[in-house]
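Okay, thanks everyone, let's get going.

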Amino acid sequence: MVVSLTAQAAALVDTAPQNGIPTAAMQQVADVLTEVAQHLDHLQYTTLRYPDGGWLTVRVVEKPAQEGSEPITHLWIPAFGHIEDAQTTLAELSSQAPDLEAAPFGVLELLFLGLGLSRADGIVFYDQAGDRQQGKTVASQPLTEQINQAIQGSAPPPNSVA
């Protein structure tokens, strides 16, 4: 069932005390995540995960800005706005990773969980059905900085979606 951003934010705030997070702080987090999510096309996304809870990541190698420099490697978590795209990817990877599973998440929960991922640079959201090449990225580090600023009471307008 797809849930509105308002309901997703309320769920994050409601469960905050159970996770040792002050309600007021989580409200600030939810506000920032909601602003970011408003730039995405879907309320729910499907990711691919392993049974142990690990996330499938994709490696993107960025060409160096200057000749002679080393390429930069990024790890992104793909999130699909259309279940069919997740299922297609799952089928393509079935021989290499037979234990991968499709896992749906509300967009706010996914953004929140993505903040805690130390080995991924962020999440790439594939919004257009059938297009698994062009996505919107939300990088973890700038999003974390926006949340910290919001909690400290001096948040600039969010600009995390590329």
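Let's start with a crossing: H2 passes H4 in a right-handed crossing. Quick reminder before I go on, this is a predicted model.

So, which residues are we talking about? H2 is residues 23–37 and H4 is residues 107–115, and their axes come within 10 Å and cross at roughly 115°. The range we use for roughly perpendicular is 65 to 115 degrees, and H2 and H4 are therefore put down as roughly perpendicular to each other.

Now, what touches what? On the H2 side you've got Met 26, Val 29, Leu 33, Thr 34, Val 36 and Ala 37, and they meet Val 107, Leu 108, Leu 111 and Phe 112 in H4. If you sort the residues of that contact by class, you get nine nonpolar, one polar and no charged.

Okay, next pair. H2 also packs against helix H5, residues 140–151, with the axes coming within 9 Å and crossing at roughly 135°. Parallel, perpendicular or oblique, then? That angle makes H2 oblique to H5. The handedness here is right-handed, with H2 passing H5.

As for who makes that contact, from H2 it's Ala 25, Gln 28, Val 29, Val 32, Leu 33 and Val 36, and from H5 it's Leu 143, Gln 146, Ile 147, Ala 150 and Ile 151. By class, the H2 contact with H5 comes out as nine nonpolar, two polar and no charged residues.

While we're on H5, let me point at Gln 149, which sits in that helix. Buried, exposed or something in between? Buried would need under 20% relative accessible area and exposed over 50%, so Gln 149, at 30% relative accessibility, counts as partly exposed.

Last stop, helix H3. Which of its residues are buried? H3 covers residues 83–93, and the buried ones are Asp 85, Ala 86 and Thr 89. Those residues span an arc of only 100° around the axis, so they lie on the same side of H3. And what sits over them? The cover on the buried residues of H3 includes strand E1, at 44–49, and strand E3, at 72–80.

Methods: Residues numbered from 1 in each chain as written. Predicted model: local features only at pLDDT ≥ 70, side-chain atom pairs only at ≥ 80, totals over all residues. Heavy atoms only, no water. Buried < 20%, exposed > 50% of the residue type's maximum accessible area, 1.4 Å probe, protein only. Helix = DSSP H or I, 4+ residues; strand = E, 2+ residues; numbered from the N terminus. Arc of directions from axis to C-beta. Contact = heavy atoms within 4.5 Å. Axes fitted to C-alpha atoms, helices over the stretch in contact; angles between N-to-C directions. Parallel < 35°, antiparallel > 145°, perpendicular 65-115°, else oblique. Left-handed = near helix turned anticlockwise from the far one by under 90°. Nonpolar A, V, L, I, M, F, W, Y, C, P; charged D, E, K, R; others polar.
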